[in-house]
Amino acid sequence: MRDEGVASGAGDGAKSFRLHNAMIPARPLEPALYLVATPIGNLSDITLRALETLAGADVLACEDTRVTRVLLDRYGIVNRPYAYHEYNADEAGPRLIAALEAGKSVALVSDAGTPLVSDPGYRLALLAIAAGHRVVPIPGASAPLAALVGSGLPNDAFFFAGFLPSKDKARRDRLAELATVPATLLFFESPHRIAATVAAAADVLGEARAACVCRELTKTFEEFRRGTLGELAAHYGDGASVKGEIVFVIGPPGEAAAPEAEDVDRLLTMLAKDMSTGKAATEAARQTGLPRKDLYQRLLDLKDADGQ
């Protein structure tokens, strides 16, 4: 971007897009910030409204100009993209707002999917809203929604939680916070961390909980690996090679049946062999869902009965 501001990306005569070898003129856009969803893999997953907006915008801002250029070339759009990402947002954001102030239309895209979902676009949207400008969503592809509907898991209620922490303890703590959310959980994950994440989820949420690892959505090697968390942990724990972008989907918690009293006593006795009374009660509460206070007292009663 030049110091004097953001220039328009294309001349008036070039505002068009190609569709099946036909060039379609793009209608003029009103001044506003347009948040344009782009394909998450398959370049055919673009809407006509998105193409017209990308072609017609006075200014086109994107996460990576090289990635966006591939999409623009596919559809014959000559609009010049400018970079807007987390590393230059403090500098580029005000310039894009200045373009809006000058009465220009500004389109924002991410590398893939819907802008503002786990990317810095929300900062630009907040600036535009605070300055009194219109913010117009141009809906389209979304990796979390594609994973949700393809996973086969309940979709009447869902919770998108972005990326889990990279450190194991923080990851497990976050999963514990979400354990009782009455909804299907969705996470973004990287291929080199998926094994550790699935293993942690199985430990924290229980091996029987249903889940799905959704990989390379809309691309040639799209995969939905469905199963319980225990089954998925075993698969990825065997050192299976994983490539591509991933959405990890975990089904909602079920109505767990109350454990039998004898099973609880057996668990408490086993845990108490290697743990203090307090730690054994805490672990038993995690595994059974029963109140720690009741389990602690029950373990004291068992020890009294055994004369310990």
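This is a predicted model: local features need pLDDT of at least 70, side-chain atom pairs count only at pLDDT 80 or more; totals for chains, interfaces and linings use all residues.

1. Overall dimensions. The protein has a radius of gyration of 26 Å, whereas a compact globule of 308 residues would have one near 19 Å. Along the principal axes, its C-alpha atoms fill a box of roughly 90 × 40 × 30 Å.

2. Secondary structure and contacts. The protein contains eleven helices and twelve strands. Among contacts with a separation of 6 or more, 71% join residues 24 or more positions apart.

3. Surface and burial. Of the 308 residues, 44% are buried. The accessible surface of the protein amounts to about 16,100 Å², and carbon and sulfur atoms account for 53% of that area.

4. The largest nonpolar core. In soluble globular proteins, nonpolar side chains tend to be buried together. The largest such core here has 23 residues, and the members that touch the most others are Phe187, Ile194, Val198, Val213, Leu229, Phe248 and Ile250. Two or more residues come from each of helix H6 (168-178), strand E9 (184-189), helix H7 (194-205), strand E10 (210-215), helix H8 (229-237) and strand E12 (246-250). Helix H7 gives the largest share, six residues.

5. Thr228 lies in strand E11, which spans residues 223-228. Is Thr228 buried, partly exposed or exposed? Its relative accessibility is 23%; because buried means under 20% and exposed means over 50%, Thr228 counts as partly exposed.

6. Thr228: its partners. Apart from neighbours within four places in sequence, Thr228 is in contact with Glu207, Ala208, Arg209 and Ala210. With Glu207 there is also a specific approach: the side chain of Thr228 reaches the backbone oxygen of that residue at 3.4 Å. Gly206 is 22 residues from Thr228 in sequence, and their C-alpha atoms are 9.1 Å apart in space.

Terms used
Residues are numbered from 1 along each chain as its sequence is written. Side-chain values use heavy atoms; hydrogens and water are left out. A nonpolar core is a set of buried Ala, Val, Leu, Ile, Met, Phe, Trp, Tyr and Cys residues joined through side-chain atoms within 4.5 Å. Buried means under 20% relative accessible area, exposed over 50%, partly exposed in between (1.4 Å probe, protein chains only). Helices (H or I, at least four residues) and strands (E, at least two) are DSSP runs, numbered from the N terminus. Contact means heavy atoms within 4.5 Å. A polar contact is a pair of N or O atoms within 3.5 Å; within protein, one must be able to donate a hydrogen and the other to accept it, and residues adjacent in sequence count only if both atoms are side-chain atoms. The radius of gyration is taken over C-alpha atoms; the globule rule is 2.2 Å times the number of residues to the power 0.38. Accessible areas come from the Shrake-Rupley method with a 1.4 Å probe; for residues, only the protein chains shown count as cover.
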